Amino acid sequence: ILCAGITMWSPLNHWGATNTDKKLSIGIVGIGGLGTMGIKLASALGHRVVAISSSDKKIEIAKSKGAVGYVVSKDPASVATERGKLDLILNTVSAHHSIAPYISMLKTNGNLVQLGCVAAPMQYTQFMLCLKRASIAGSLIGGIPATQEVIDFCFKMRYIRIQRWWKREIWREYTMSYKITIVQQLDTFWTSRRVWRLANKDKSIE
């Protein structure tokens, strides 16, 4: 959550997807750590989510995370099934690749957000953007307020829990360590304030 979660939450928030009154069709490119988190968040926000990958090897994992559609970007017939249907596409792929298939899947006024930080220049046809009045943008990790927002949201959706364990230090003193992990359900409901205090090792609650 403090890495992939906020990285995906930041563009979702900026481009209006965290406004749950507005339902969007959102594409997530790359079904890795960032991509699967993006699918979970966008799906939990109530949007129609389409996973996009260069092969069909990750269909099962994408759909298990909440994707309702799956596009193989190297297959023109597969790309055609979502042509002009997506409001927002978040591209997490960090290797050099063609973004033309993604642009074709955008609606009018759609946005393609680059998150992979590819160093090499990427080519695309401007005419494709002009026809749709589409935009290509970029995004990095968010700040502290946005991080608190995604923690609160994941807590509300019962996606996180605090796991704690004791470890013995060299000087034979016990210290408490905490780890935030993604899970499907909470065993016990914790308030977001308690999560923050635990994560910051606030001993006043021990």
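Ser53 counts as buried because its relative accessibility is 12%, where buried means under 20% relative accessible area, exposed over 50% and partly exposed in between (1.4 Å probe, protein chains only). This is a predicted model, in which local features need pLDDT of at least 70 and side-chain atom pairs count only at pLDDT 80 or more, while totals for chains, interfaces and linings use all residues. Residues are numbered from 1 along each chain as its sequence is written, and side-chain values use heavy atoms, with hydrogens and water left out.

Let's start with the strands. Ser53 belongs to strand E2, residues 48-53; strands (E, at least two residues) and helices (H or I, at least four) are DSSP runs numbered from the N terminus. E2 pairs with E3 in the parallel sense over four bridges, pairing being called when DSSP finds at least two bridges between two strands. Within this pair, Ile52 is opposite Val71 of E3.

Which residues does Ser53 touch beyond its neighbours within four places in sequence? They are Ile31, Tyr70, Val71, Val72 and Ser73, with contact meaning heavy atoms within 4.5 Å. In E3 (residues 69-72), Gly69 and Val71 point one way, Tyr70 and Val72 point the other way, and all are buried.

Here is the chain as a whole:

| Protein chain property | Value |
|---|---|
| Residues counted as buried | 44% of 206 residues |
| Contacts with a separation of 6 or more that join residues 24 or more positions apart | 53% of these contacts |

The protein chain has eight helices and eight strands.
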